[in-house]
Amino acid sequence: MASLPFSALSLFFSLCVLLVLPTHSLTCTSQKFTNNKLYSNCTDLPVLKSYLHYTYNSSNSSLSVAFIASPAKPDGWTGWGINLNGTGMAGAQVILALKSSKGAPEVKTFNIISYGDIREERLSFDVWDLSAETNATSGEFTIYASVKLPEKVESFNHIWQVGAAVNNGKPVKHEFAAENKDAKATLELTTAQKTGKSANTTTPAGGNSTGNGTTGSSNTTTTGGKSGSYRIKEMNVGFCFAVFVLLASFIVF
């Protein structure tokens with residue numbers, strides 16, 4: 001039987017090393033906060049280059065979040081919110097960070113009655129620990145908040161948005177490009193809480209928008225779990241080991 005050169009086996013081993021490296025990583029996993037707060041989960045939202053970090057406490061149905069996004073222009077605004085009665089902007093209750101002359105963005109809460117009726121007022125659910133900050137390097141705004149969710153909730157629809165300007169302490173309407181229309185999804189809390197596995201916990205809310213773009217889901221990583229890249233890594237390790245044993249059997253000592 002012809003022997004297989006050790007050089008060929010070494011080449012195969014080198015290729016396997018490349019295969020087992022993680023195939024992708026989430027941007028949110030490298031983001032840090034000035035208060036050094038840690039969140040159980042994070043997700044790269046599918047549009048508007050936005051990110052959500054969150055921890056859900058099922059014992060009191062509270063959700064602690066940090067939402068990161070850049071305003072459409074430096075003097076603009078960013079926002080994240082919840083829609084308990086629908087899937088889009090209309091009917092949502094939101095937390096906005098608005099550019100302010102005071103330095104840090106000003107945080108306000110708004111009820112979106114309709115696209116033409118946005119009211120600055122208290123939300124129907126409890127909100128606390130509200131604050132916001134600006135990343136001097138990237139220009140990103142970070143909104144911090146804790147919200148009270150309905151008891152035993154397993155998922156809810158959330159929205160996010162960015163705008164270019166603020167007028168008299170109120171957000172000026174955002175663009176209506178495809179990615180703006182697609183800034184909505186469903187956050188699956190029960191899936192994110194499972195241990196031992198990470199989950200794709202953000203799914204499109206209400207399907208594709210009427211714009212040219214489509215709403216995509218986003219990957220979520222859970223602390224202590226395994227992301228999709230690591231599951232791929234494990235499959236590659238198994239495949240490489242099997243082939244390695246097969247090729248080694250052809251070597252004649």
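Q: Is Ile112 buried or exposed?
A: Ile112 counts as buried, at 9% relative accessibility, where buried means under 20% relative accessible area, exposed over 50% and partly exposed in between, computed with a 1.4 Å probe on protein chains only. This is a predicted model, in which local features need pLDDT of at least 70 and side-chain atom pairs count only at pLDDT 80 or more, while totals for chains, interfaces and linings use all residues. Residues are numbered from 1 along each chain as its sequence is written, and side-chain values use heavy atoms, with hydrogens and water left out.

Q: Where is Ile112, and what is it in contact with?
A: Ile112 is in strand 6; strands (E, at least two residues) and helices (H or I, at least four) are DSSP runs, numbered from the N terminus. Leaving aside neighbours within four places in sequence, Ile112 is in contact (heavy atoms within 4.5 Å) with residues including Met89, Gly91, Ile118 and Ile159. Of these, Gly91 is 21 residues apart from Ile112 in sequence, but the two are 5.4 Å apart in space, C-alpha to C-alpha.

Q: How does strand 6 run against strand 7?
A: Strand 6 (residues 106-114) and strand 7 (residues 117-120) run antiparallel and are joined by four bridges, and two strands pair if DSSP finds at least two bridges between them. A hairpin of two residues connects strand 6 to strand 7, and Asn111 has Arg119 as its bridge partner in strand 7.

Q: New topic: what is the phi of Ser61, and where does Ser61 sit?
A: Ser61 has a positive phi of about 55 degrees although it is not a glycine, and its place is in the loop between strand 2 (51-57) and strand 3 (62-69). Most residues other than glycine have a negative phi.

Q: And is Ser61 buried or exposed?
A: Ser61 is buried, with a relative accessible area of 3%. Lys152 also has a positive phi, near 60 degrees, but Lys152 is exposed, at 77%, in the loop between strand 9 and strand 10 (155-163).

Q: Last one: which side chain of opposite charge is nearest to Glu140?
A: That is Lys49, 9.0 Å away, and Glu140 is buried yet has no salt bridge, which would take a side-chain nitrogen of Lys or Arg within 4 Å of a carboxyl oxygen of Asp or Glu. Here Lys and Arg count as positive and Asp and Glu as negative, while His and the chain ends are not counted.
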